[in-house]
Amino acid sequence: MATTKLNKPISAFKDKQLWLAFFAGLSLTFSYAPFALWPLVFIAIAIACYATDTPNLKQAAKYGFVFGFGWFALGISWVHVSIAQYGGLPLPISLLLMAMLCAYLALYPMLAFMLASYFTDKPWQRICMLIVGFAIFEWLRGTLLTGFPWLSFGYTLTDSPLNALAPFIGEFGLSLLCVMVGCCLYYTWQCSSAKPLIAASITTFTLIGLAMSVSKPQHSEQHIKTLLVQGNIQQSLRWEPEHFWPTMSKYRDMTRPYWHDVDLVLWPEAAIPEIEDFANPFLKELDKAAAFNNTALITGIPDYQINSKTVYNTLIVLGKKQPDDTQGHYQYLHTNRYQKHQLLPIGEFVPFEDILRPLAPLFDLAMSSFSRGERVQNNLIANGLHILPAICFEIAFSELVRDNFTEQSNILFTVSNDAWFGDSHGPHQHMQIARMRALELQRPLIRATNNGITGVYDPITKQQYSIAQFKADVLKADINLITGNTFFSQFGHIPVWVIVCLSGFITLGNRFLPKVLRRFERSFL
């Protein structure tokens with residue numbers, strides 16, 4: 001018995017496939033921003049396919065889970081920055097919470113590899129079922145428990161030549177393309193045959209050909225001048241009442257020299273930390289200043305509606321709404337506003353709050369009791385422009401952003417406060433996700449944040465201009481508007497799901513239909 005117990009950890013330590021799966025998951029982090037070594041995604045998936053290439057369900061589950069754990073443990077390690085700094089928990093407890101989060105997220109790729117373990121006889125069947133499995137379980141990862149679709153494979157291709165497919169199949173389609181190419185890379189090595197890689201290349205170039213054949217949005221002749229303001233307010237001071245006025249004054253003073261020279265001014269999420277109803281005099285002054293200078297201002301602000309006892313994370317428009325506006329006319333609860341729908345768990349709402357809030361400061365953060373706005377809302381109207389808004393975490397939800405897109409949408413505008421995550425790779429990933437949304441919809445991206453990354457991005461020229469992180473500064477940018485709609489904006493993920501369903505039906509039919517027919521023959525003929 002003693003010998004058996006001693007050999008178990010040694011056996012696990014020498015498990016080559018386990019360590020390969022774990023390090024393949026870890027390596028995925030370097031395929032995302034800010035490292036952007038995007039070819040690594042194909043190699044990591046190929047190694048994961050090797051590690052999980054077994055008909056043994058338990059083995060496939062083990063290696064798939066380890067791959068997923070490594071993927072998220074390093075990939076979202078920036079979450080621990082906020083837990084450690086603001087959570088008020090001992091280090092062992094905060095590390096345990098991170099491990100639990102990563103273990104939960106690792107269940108989804110584990111289930112995808114488990115599904116494919118039933119189809120290891122023929123490489124093409126396993127490739128198809130891995131695509132089906134990742135489609136199903138990545139969708140579930142972005143849906144269940146409010147969803148956490150961060151670090152999908154497709155984001156690694158944001159700066160690759162394959163980003164040309166984003167307006168056609170979206171990030172979701174690109175994620176499945178990564179799975180297909182990674183699997184074919186593995187089977188090219190495993191079978192010592194170039195056929196799988198050739199098939200992947202043909203599929204990829206066919207998709208590119210189809211994407212190029214579809215009419216693409218183009219730059220219009222209309223340019224607008226924008227001003228992005230990054231206040232760089234310390235996170236520890238943002239919700240202290242004595243710092244409300246200094247924060248509001250700072251944004252106003254940074255904007256004042258540029259009022260007369262821009263069409264649109266953008267402030268970040270909760271740039272005005274005061275509750276909207278209480279900030280009425282300040283907002284009316286801003287409104288008049290913007291209107292007097294023939295410009296508009298969009299800012300984030302918390303809105304506590306006393307009658308309904310609800311608090312919304314809100315964007316409001318001040319100054320000119322339509323081109324013929326000449327006077328400021330701000331009024332509280334005007335309809336030209338956006339209320340955040342996709343709230344961040346713990347940060348913006350606390351599930352089981354009666355139980356969790358007393359346990360630790362992590363569950364009782366300032367402004368962690370927001371209510372959800374409607375899923376589909378009108379675009380903001382600012383100086384005659386139709387602005388498609390998304391607040392912070394929402395930009396990671398492709399379908400949510402697309403559902404709020406209209407043919408009149410001129411600009412994709414997202415605000416955030418990534419000060420929670422310090423000098424980590426989290427803000428870089430966040431900007432990368434936002435740029436993918438701009439590629440899908442082919443609309444200029446404007447992103448205003450408290451301390452970075454604040455910037456603009458043109459999805460046609462692929463040019464980005466941004467302010468340095470952790471610096472109070474402004475960015476004046478000339479934005480070239482875009483006309484036309486993408487294939488993705490019109491059809492969303494439906495075409496990709498059709499292909500996924502066909503792949504699943506063909507694979508299942510090929511696997512089980514002959515058995516069913518033979519059983520039928522034996523029974524009735």
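Let's start where two helices touch: Leu105, Tyr108, Pro109, Leu111, Ala112, Phe113, Leu115 and Ala116 of helix 6 meet Arg126, Met129, Leu130, Gly133, Phe134, Phe137, Leu140 and Arg141 of helix 7. Sort the residues of this contact by type and you get 13 nonpolar, one polar and two charged. Keep in mind that this is a predicted model.

How do the two helices sit against each other? Two packed helices are described by the angle between their axes and the distance between the axes. Here, helix 6 (residues 91-116) and helix 7 (residues 123-141) pack at about 155 degrees, and their axes are 8 Å apart. Angles over 145 degrees count as roughly antiparallel, so that is the label for helix 6 and helix 7. As for handedness, helix 6 passes helix 7 in a right-handed crossing.

The UniProt record, an unreviewed entry, has something to say about this part of the chain too: its "transmembrane region" features include residues 93-115 and 127-148. In the model, residues 93-115 are 100% helix and 0% strand, with the end C-alpha atoms 34 Å apart. Residues 127-148 come out at 68% helix and 0% strand, and there the end C-alpha atoms are 25 Å apart.

Now hop over to the strands. Strand 1 (residues 218-230) pairs with strand 12 (residues 473-483) in the antiparallel sense, over 10 bridges. To find your place in that pairing, look for Ile224, whose bridge partner in strand 12 is Ile479. Strand 1 also runs parallel to strand 2 (residues 264-266), joined to it by three bridges. In that pairing, Leu227 stands opposite Val265 of strand 2.

Note on methods: Residues are numbered from 1 along each chain as its sequence is written. This is a predicted model: local features need pLDDT of at least 70, side-chain atom pairs count only at pLDDT 80 or more; totals for chains, interfaces and linings use all residues. Side-chain values use heavy atoms; hydrogens and water are left out. Axes are lines fitted to C-alpha atoms, for helices over the stretch in contact, and angles run from 0 to 180 degrees between N-to-C directions. Helices (H or I, at least four residues) and strands (E, at least two) are DSSP runs, numbered from the N terminus. Angles under 35 degrees count as roughly parallel, over 145 as roughly antiparallel, 65 to 115 as roughly perpendicular and the rest as oblique. A crossing is left-handed if the near helix is turned anticlockwise from the far one by less than a right angle, and right-handed if clockwise. Contact means heavy atoms within 4.5 Å. Ala, Val, Leu, Ile, Met, Phe, Trp, Tyr, Cys and Pro count as nonpolar, Asp, Glu, Lys and Arg as charged, and the others, Gly among them, as polar. Two strands pair if DSSP finds at least two bridges between them. UniProt positions are given in the numbering used here, feature names are shortened, and annotations may be inferred rather than shown by experiment.
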